[in-house]
Structures are given as C-alpha cells and as structure tokens.
Amino acid sequence: GDNNNISGVFIGNQTGRPAINVPGDKNNFTDVTIADSELDPAIKVDGDGTTLDHVNVVGNKGQGITLNGNNATIKNNKFEGNDGTAITVNGNGTSVQGTTVSGNNGTAIVVNGDRATFSDNTVSGNNGTAMEVNGNGAVVEDTEFSENEGSGIVINGNGNTVDGNGKYGFL
C-alpha cells in the first residue's frame with residue numbers, strides 16, 4: 001500500500017523472495033539492514049516517491065535493491081559485498097546522495113530513466129561498471145569512482161552533465 005514507514009529492521013540469513021517487497025507510492029525505509037542472505041533482489045519496491053535512508057544491504061547473494069517508480073530518493077546507504085547489481089532503478093527523477101557502493105559483483109548502479117541526479121557518493125572496488133545511466137538530463141557530481149573493474153560511467157542519452165567527480169584506479 002501507500003505511505004508505509006519501514007524502520008529499525010534487521011534481516012539476516014534469508015533465502016528466496018525479496019526480504020522486503022512493497023508495492024505502492026511514498027514508502028519510506030529508514031535504518032534497514034539486510035545481511036548475509038540469498039535474495040534477488042534483497043529489497044523490491046514498485047511505486048513512486050520511495051525514500052531509502054540509512055539502508056544497508058551487505059553480503060547478499062543477489063541484487064541489492066530494485067525500485068520501479070519515479071522520484072525515488074536513495075541517501076546515506078551502504079551496499080557492500082553483494083553478488084549482483086547493487087542499485088537498479090527504473091523510473092524518472094531518481095536522486096542518489098551520500099551512498100557507498102563497494103565490493104559488489106556486477107554493475108554498481110543502474111538507472112533507466114530521465115533526470116537522475118547523483119552527488120557525494122563513493123563507488124569503489126566493484127567487479128563491473130561503476131554506473132550506468134540510460135536516460136536524458138542526468139547530473140553526476142562530486143562522486144568518487146575508484147578501483148572498479150569495467151567502465152567508470154556509462155551514460156546513454158542526451159543533455160547529461162558529469163562534473164567534479166574523482167576517478168582513479170580503474171582496473
């Protein structure tokens with residue numbers, strides 16, 4: 001449903017379906033940790049206006065999160081040591097801020113949609129492309145990309161801006 005607040009949740013050593021699967025708009029996730037599980041993805045949300053704040057997906061044998069919807073906000077999160085893409089968003093107006101994505105096997109961040117913004121993130125040590133954006137009007141700024149195997153930033157679209165990012169140690 002809509003307008004759910006999910007907070008203070010720890011889920012560990014789970015298998016099968018997503019640990020959290022929420023359809024609906026304007027759902028908020030705060031202080032959620034999913035660790036050492038076999039879930040693909042760990043969190044799945046279908047709806048607009050989703051916010052993930054202080055969400056950690058660590059050591060998952062599958063994708064981290066999949067968001068299908070517009071105007072998602074992903075901030076102050078950590079995705080580390082997962083087998084699969086850490087963050088997948090299908091929708092317009094996504095914002096990713098202050099998030100660490102490291103040591104994952106697969107593309108670190110994939111966004112399919114227009115007007116995505118990325119700022120103050122750290123994307124390092126991933127076995128795959130650091131970031132892939134398929135859309136128009138994306139802004140990638142003040143994000144550190146380091147020691148990722150594969151391409152640094154892949155942008156397919158028009159009117160995109162990449163500025164003030166630290167890029168070093170690509171393998």
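Mentor: Happy to! Let us begin with lysine 44, which is partly exposed, since its relative accessible area is 25%. Keep in mind that we are looking at a predicted model.

What does lysine 44 form a salt bridge with? The partner is aspartate 46, and the closest N and O atoms of the pair are 2.9 Å apart. Side chains of opposite charge can pair in this way when their charged atoms come close. Aspartate 46 is also partly exposed, because its relative accessible area is 27%.

Strand S6 covers residues 43–46, and four bridges join S6 to S8, with the two strands running parallel. In general, strands of a sheet pair through backbone hydrogen bonds, either parallel or antiparallel. Which residue of S8 is the bridge partner of lysine 44? That is threonine 66. One step along, valine 45 stands opposite leucine 67 in S8.

Is threonine 66 buried or exposed? Its relative accessibility is 11%, and the cut-off for buried is under 20%, so threonine 66 counts as buried. The side chain of threonine 66 makes a polar contact of 3.0 Å with the side chain of glutamine 63. Setting aside residues up to four places away in sequence, threonine 66 touches Pro41, Ile43, Lys44, Val45 and Thr88.

S8 has another partner too. Strand S11, residues 87–90, pairs with S8 in the parallel sense over four bridges. Here isoleucine 65 stands opposite isoleucine 87 in S11.

Let us step back and view the sheet that holds these strands. Seven strands form an open sheet with parallel pairing, in the order S3-S6-S8-S11-S14-S17-S20. At its edges are S3 and strand S20 (153–156), each of which pairs on one side only. From one strand to the next, the twist averages 5°.

Leaving aside neighbours within four places in sequence, isoleucine 43 is in contact with residues including Ile20, Ile34, Leu52, Val57, Ile65 and Thr66. The largest nonpolar core has 36 residues, and Ile43 is among those with the most contacts inside it. Ile20, Phe29, Ile65, Ile87, Ile109 and Phe118 are the others named for this. In soluble globular proteins, nonpolar side chains tend to be buried together.

Isoleucine 34 stands opposite valine 57 in S7. S4 and strand S7 (residues 51–58) pair in the parallel sense over seven bridges. S4 also pairs with strand S1 (residues 5–12), again in the parallel sense and over seven bridges. There, glycine 12 has alanine 35 of S4 as its bridge partner.

One last stop is lysine 26, found in the loop between strand S3 (20–23) and strand S4 (28–35). Lysine 26 is exposed, because its relative accessible area is 53%. Apart from residues up to four places away in sequence, lysine 26 touches Asn3, Asn4, Asp48 and Gly49. Lysine 26 and asparagine 71 are 45 residues apart in sequence, while their C-alpha atoms are 9.4 Å apart in space.

Methods:
Residues are numbered from 1 along each chain as its sequence is written. This is a predicted model: local features need pLDDT of at least 70, side-chain atom pairs count only at pLDDT 80 or more; totals for chains, interfaces and linings use all residues. Side-chain values use heavy atoms; hydrogens and water are left out. Buried means under 20% relative accessible area, exposed over 50%, partly exposed in between (1.4 Å probe, protein chains only). A polar contact is a pair of N or O atoms within 3.5 Å; within protein, one must be able to donate a hydrogen and the other to accept it, and residues adjacent in sequence count only if both atoms are side-chain atoms. Contact means heavy atoms within 4.5 Å. Two strands pair if DSSP finds at least two bridges between them. Axes are lines fitted to C-alpha atoms, for helices over the stretch in contact, and angles run from 0 to 180 degrees between N-to-C directions. A nonpolar core is a set of buried Ala, Val, Leu, Ile, Met, Phe, Trp, Tyr and Cys residues joined through side-chain atoms within 4.5 Å. A salt bridge is a side-chain nitrogen of Lys or Arg within 4 Å of a carboxyl oxygen of Asp or Glu.
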